[in-house]
Amino acid sequence: MTKIWLLSGMLVLAGCSGGQEAEPTPADDVSPDMGSVSSDPSMWTSADEAAGTYTLLYADGTEGTLTVTADGTAEGVIGGEEFTASFTISEPGKVCYTDFSNQELSVAPQCWVNSPAKDDGSWDFTGEDGTTGTARPAE
C-alpha cells in the first residue's frame with residue numbers, strides 16, 4: 001500500500017510540473033575543463049572557436065607551440081623553428097594550414113583532424129601524412 005501512495009504522489013507531482021523542462025544550471029554542465037579551448041576541438045567549425053595558444057607534442061618527440069587567431073593566421077615554433085601560416089577549417093575538427101613562412105620545417109601544407117578533447121583538455125591530432133601528436137591549451 002505504501003508503494004501505491006508513493007507512486008501516486010510522484011505522478012501527481014509530475015502532473016503539476018507543467019511539462020516544462022528545467023533550465024540547465026552550470027552544475028549540470030559535465031563537459032571537460034578545457035582551459036582556453038572554447039569548444040571540443042573535434043567539432044570546431046570556425047577560426048573563432050580554434051583561437052588560442054597550444055603546446056604540441058608530436059609522436060616522434062618534437063615539441064612545439066602554436067598560436068592561432070580568429071582571423072585565420074597562425075604562428076609558432078616547432079622543433080625550435082619559427083613559422084607563420086594561414087589556416088582554414090574545412091569541416092568540423094579539420095584544420096588546414098597553408099602559406100608556411102618557413103619551409104625548412106619540412107611541414108608541408110596539409111590538413112589535421114582533431115580528436116575529441118580528453119578530460120584534461122588535451123586532444124590528439126592526425127595529419128594527412130599520418131603524423132600524429134597531442135595538443136593542449138598553453139598555460
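1. Asn 114 counts as buried because its relative accessibility is 10%, where buried means under 20% relative accessible area, exposed means over 50% and partly exposed lies in between (1.4 Å probe, protein chains only). The residue is placed in strand β6. Helices (H or I, at least four residues) and strands (E, at least two) are DSSP runs, numbered from the N terminus.

2. On the basis of the note: this is a predicted model, in which local features need pLDDT of at least 70 and side-chain atom pairs count only at pLDDT 80 or more, while totals for chains, interfaces and linings use all residues. Residues are numbered from 1 along each chain as its sequence is written, and side-chain values use heavy atoms, with hydrogens and water left out.

3. On the surroundings of Asn 114: its side chain makes a polar contact with the side chain of Trp 123, at 3.1 Å. A polar contact is a pair of N or O atoms within 3.5 Å; within protein, one must be able to donate a hydrogen and the other to accept it, and residues adjacent in sequence count only if both atoms are side-chain atoms. When neighbours within four places in sequence are set aside, Asn 114 is in contact (heavy atoms within 4.5 Å) with Pro 41, Ser 42, Trp 44, Gly 93, Val 95, Trp 123, Asp 124 and Phe 125.

4. On the overall arrangement: the protein chain has 2 helices and 8 strands. Their order along the sequence is α-α-β-β-β-β-β-β-β-β. Of the 139 residues of the protein chain, 32% count as buried. Among contacts between residues at least 6 apart in sequence, 30% join residues at least 24 apart.

5. On the disulfide: the structure holds 1 such link, defined as a pair of cysteine sulfur atoms within 2.5 Å. Cys 96 and Cys 111 form the disulfide, with their sulfur atoms 1.9 Å apart. The link of Cys 96 and Cys 111 is right-handed, with 105° about the S-S bond. The pair links distant parts of the chain, as Cys 96 lies in strand β5 (residues 94–98) and Cys 111 in strand β6, 15 residues apart. Cys 96 is buried, with a relative accessible area of 10%; Cys 111 is also buried, at 12%.

6. On the largest nonpolar core: a nonpolar core is a set of buried Ala, Val, Leu, Ile, Met, Phe, Trp, Tyr and Cys residues joined through side-chain atoms within 4.5 Å. The largest has 21 residues, of which Trp 44, Leu 66, Val 68, Phe 87 and Tyr 97 touch the most other members. At least two residues of this core come from each of α2 (47–50), β1 (52–58), β2 (63–68), β3 (73–78), β4 (81–91), β5 and β7. Strand β4 gives the most, with 4 residues.

7. Two strands pair if DSSP finds at least two bridges between them. Strands β2 and β3 run antiparallel and are joined by 5 bridges; Leu 66 has Gly 76 in β3 as its bridge partner. These two strands form a hairpin with 4 residues between them, and Gly 72 in the turn has a positive phi of about 85°. Strands β3 and β4 also run antiparallel, joined by 6 bridges, and Ile 78 stands opposite Glu 81 in β4. The hairpin of β3 and β4 has 2 residues between the strands, with Gly 79 in the turn at a positive phi of about 55°.

8. On charged pairs: side chains of opposite charge can pair when their charged atoms come close. A salt bridge is a side-chain nitrogen of Lys or Arg within 4 Å of a carboxyl oxygen of Asp or Glu, and by this rule the count is 2. In one of them, the side chains of Asp 124 and Lys 118 meet at 3.2 Å, N to O. Asp 124 counts as partly exposed at 30% relative accessibility, as does Lys 118 at 35%.

9. On the salt bridge of Arg 136 with Asp 120: the closest N and O atoms are 3.4 Å apart. Arg 136 lies in strand β8 (residues 132–137) and Asp 120 in the loop between β6 (110–114) and β7 (123–127), so the pair ties together parts that are 16 residues apart in sequence. Arg 136 is partly exposed at 34% relative accessibility, and Asp 120 is partly exposed with a relative accessible area of 47%.
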